[in-house]
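Subject: Structure handover

Hello,

Here is the structure for you to take over. Please open it first, then read the notes below.

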Amino acid sequence: IRYDDYSDFGHTTNPRLALIWTTSDSLVTKLMMGSAFRAPSFIELYGQNNPVSLGNEQLKPETIDTFELSFNWQATNNLQTILTLFDYTAKDMMVFEDDINNISNTAQNSLTQDAQGFEWELNWQLDDSWRLQGSYSHHNARNKQNHTDVADVPRSLGKLNVSYQATSDWHLTSQLFWVSDRKRRATDARDEIDDYALWNMNFQRTNIVKNVDFNLTLRNLLDKDIREPSSGEIAEDYPMESRGVWTGLDFSF
């Protein structure tokens, strides 16, 4: 059993309690509980210069309580997988609420949400050259006041990372990100936000000359039209980066 207490100026910011059980030679089970808070920012407390979004000196800190049950299985020397089940409740979350005049909005401690879900991770060293890492998570985050899904947050996330070490100097990494199932606010009549898959690649050559490394990164390789949700003022949401090529040189001395 382990207890960690991280304190800042006398206030406990993240007390955690963990029960760790070596279930077998290849399996470790962990039960973890924790709590934390986020203090209001300067803008949330005192913002006045923006006539639309106003601060509120009466704000309280947000708080969150978390519970996790984790199973870490070392299947072989080269293969590890982790399954984590989690539950959290966040209270007094700060959001900018519309004022009576509907012209401005003011920061309020008006949101409580909870969520349950899981995350699965895989780490597999196939041989001396190839390495596979991946994860998938799913959660159901709900607004406890009105029992609706939390808006704009993806319920499912996936990541796959494939690395190839061709030689001691050449390294190739391919990354695939998948984002799915983002809901609009109940008052937002627009179509649901599209899912997307983002594919990036990175080539690295170390020691082109002494102490100089070269990097080539290809982002959004398939040139997907990726959008992040807006609050509605921008009808077509926020467009993300299209296909791009980035290069770099690192020099150490």
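**Salt bridges**

The side chains of Arg142 and Asp149 meet in a salt bridge, 2.9 Å from N to O. The term means a side-chain nitrogen of Lys or Arg within 4 Å of a carboxyl oxygen of Asp or Glu. Arg142 is partly exposed, at 28% relative accessibility. Asp149 is partly exposed too, at 24%. Here buried means under 20% relative accessible area, exposed means over 50%, and partly exposed lies in between (1.4 Å probe, protein chains only).

Before you go on, note that this is a predicted model: local features need pLDDT of at least 70, side-chain atom pairs count only at pLDDT 80 or more, and totals for chains, interfaces and linings use all residues. Residues are numbered from 1 along each chain as its sequence is written, and side-chain values use heavy atoms, with hydrogens and water left out.

Arg155 forms a salt bridge with Asp181, with the closest N and O atoms 3.9 Å apart. This pair links distant parts of the chain, 26 residues apart. Arg155 sits in the loop between β11 (148-149) and β12. Asp181 sits in the loop between β13 (170-180) and β14 (196-209). Strands are DSSP runs of E, at least two residues long; helices are runs of H or I, at least four; both are numbered from the N terminus. Asp181 is partly exposed, with a relative accessible area of 23%. Salt bridges that share partners join Arg142, Asp149, Arg155, Asp181 and Lys183 into one network.

Lys60 and Asp92 form another salt bridge, with their closest N and O atoms 3.8 Å apart. Lys60 lies in the loop between β6 (53-54) and β7 (62-74), and Asp92 in strand β8, 32 residues apart. Lys60 is partly exposed at 44%. Asp92 is partly exposed at 24%. The count comes to 15 salt bridges.

**Core and surroundings**

The largest nonpolar core has seven residues: Tyr88, Ala90, Met93, Leu111, Ala115, Ala141 and Val150. Such a core is a set of buried Ala, Val, Leu, Ile, Met, Phe, Trp, Tyr and Cys residues joined through side-chain atoms within 4.5 Å. β8 (79-98) and β9 (105-125) each supply at least two of its residues. β8 gives the most, with three.

Leaving aside neighbours within four places in sequence, Val150 is in contact (heavy atoms within 4.5 Å) with Gln113, Ala141, Arg142 and Asn143. Asn143 is found in strand β10 (residues 130-143). Asn143 counts as buried, at 14% relative accessibility. Beyond four places in sequence, Asn143 contacts Leu111, Thr112, Gln113, Thr148 and Val150.

**Surface patch**

Phe42, Ile43, Tyr46 and Phe96 form a nonpolar patch on the surface, with about 440 Å² of accessible area together. Patches take residues with over 30% relative accessible area and no salt bridge; like charges are joined within 9 Å, nonpolar side chains (Val, Leu, Ile, Met, Phe, Trp, Tyr) within 5 Å. Areas come from the Shrake-Rupley method with a 1.4 Å probe; for residues, only the protein chains shown count as cover. Helix α1 (residues 42-46) gives the most to the patch, with three residues. Ile43 is in helix α1, and Ile43 is exposed at 53%.

**Confidence**

The protein chain averages a pLDDT of 89, and 94% of the residues score at least 70. pLDDT is the predictor's confidence in each residue, from 0 to 100. Over residues 1-12 pLDDT stays under 50.

Best wishes
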